[in-house]
Amino acid sequence: MDKTIDRYTYRVTWSEEDQEHVGLCVEFPSLSWLEKTPEKALKGIRDLVRDCINDLQEENGAIPQPIATKAFSGKFMVRVTPDIHRSLAIQAAEAGVSLNRLISSKLH
């Protein structure tokens with residue numbers, strides 16, 4: 001089970017409101033764990049994810065797939081206004097690159 005929970009995406013941040021560190025898991029957005037130290041917050045959220053997975057397994061519930069194990073195509077569509085599209089096309093032409101390459105470089 002620890003191998004499974006190790007594949008999830010965790011983050012520890014400071015909560016000014018709670019005056020504690022908060023452990024989060026991207027794949028389980030409704031879960032969080034507050035602690036005095038970042039290390040304890042990480043351990044707490046990992047334990048909570050483990051418990052949640054155990055509960056879901058007992059109830060035959062859907063267990064979120066870790067983002068790390070998902071296959072991504074590298075393609076996604078973004079809608080922009082015609083003016084932005086035109087401006088980006090001009091920038092790409094001036095740079096001598098494709099629109100796709102220009103936008104990819106701006107995202108990187």
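Author: β2 and β3 pair in the antiparallel sense, over four bridges. Two strands count as paired if DSSP finds at least two bridges between them. This is a predicted model, where local features need pLDDT of at least 70, side-chain atom pairs count only at pLDDT 80 or more, and totals for chains, interfaces and linings use all residues. Residues are numbered from 1 along each chain as its sequence is written, and side-chain values use heavy atoms, with hydrogens and water left out.

Reader: OK, and how many residues sit between β2 and β3 in the hairpin?

Author: Six residues lie between them. Across that pairing, Leu 24 stands opposite Ser 32 in β3. As for the labels, strands (E, at least two residues) and helices (H or I, at least four) are DSSP runs, numbered from the N terminus.

Reader: In what sense do β1 and β2 pair?

Author: Antiparallel, over six bridges. Trp 14 stands opposite His 21 in β2. β1 and β2 form a hairpin too, with four residues between them.

Reader: Which residue in that turn has a positive phi?

Author: Gln 19, at about 60°. Most residues other than glycine have a negative phi. Gln 19 is partly exposed because its relative accessibility is 42%. The cut-offs are under 20% relative accessible area for buried, over 50% for exposed and in between for partly exposed (1.4 Å probe, protein chains only).

Reader: And what's the phi of Asn 60?

Author: Near 55°, again a positive value in a residue other than glycine. Asn 60 lies in the loop between α2 and α3, and Asn 60 counts as exposed at 72% relative accessibility.

Reader: Switching topic: how many aromatic pairs does a search of the whole structure find?

Author: One. The rings of Tyr 8 and Phe 28 have centres 5.3 Å apart and planes at 70°, so the pair is edge-to-face. The rule takes rings of Phe, Tyr and Trp (its six-membered ring) with centres within 6.5 Å; planes under 30 degrees apart are stacked, over 60 edge-to-face and the rest tilted.

Reader: Where in the chain are Tyr 8 and Phe 28?

Author: Tyr 8 is in the loop between α1 (2-6) and β1 (10-15), while Phe 28 is in the loop between β2 (20-25) and β3 (32-35). That puts them 20 residues apart, so the pair links distant parts of the chain.

Reader: Is Tyr 8 buried or exposed?

Author: Tyr 8 is buried, with a relative accessible area of 5%. Phe 28 is buried as well, at 6%.

Reader: Now the charges. How many salt bridges are there?

Author: The count comes to five salt bridges, each being a side-chain nitrogen of Lys or Arg within 4 Å of a carboxyl oxygen of Asp or Glu. One of them joins Glu 20 and Lys 36, with the closest N and O atoms 3.6 Å apart. Glu 20 is in strand β2 and Lys 36 in the loop between β3 and α2, so this pair ties together parts 16 residues apart in sequence. Glu 20 is buried at 17% relative accessibility, whereas Lys 36 is exposed at 60%.

Reader: What about Asp 83 and Arg 86?

Author: Their side chains meet in a salt bridge at 3.2 Å, N to O. Being three residues apart in helix α3, they are separated by about one helical turn, and both are exposed. Elsewhere, salt bridges that share partners join Lys 43, Asp 47 and Arg 50 into one network. Within that group, Arg 50 and Asp 47 come to 2.8 Å, N to O.

Reader: Last one: which residues make the nonpolar surface patch?

Author: Phe 76, Val 78, Val 80, Ile 84, Ile 103 and Leu 107 make the patch, about 580 Å² in area. Patch residues have over 30% relative accessible area and no salt bridge; like charges are joined within 9 Å, nonpolar side chains (Val, Leu, Ile, Met, Phe, Trp, Tyr) within 5 Å. The areas come from the Shrake-Rupley method with a 1.4 Å probe, and for residues only the protein chains shown count as cover. Val 80 lies in the loop between α2 (38-58) and α3 (82-95), and Val 80 is partly exposed at 42% relative accessibility.
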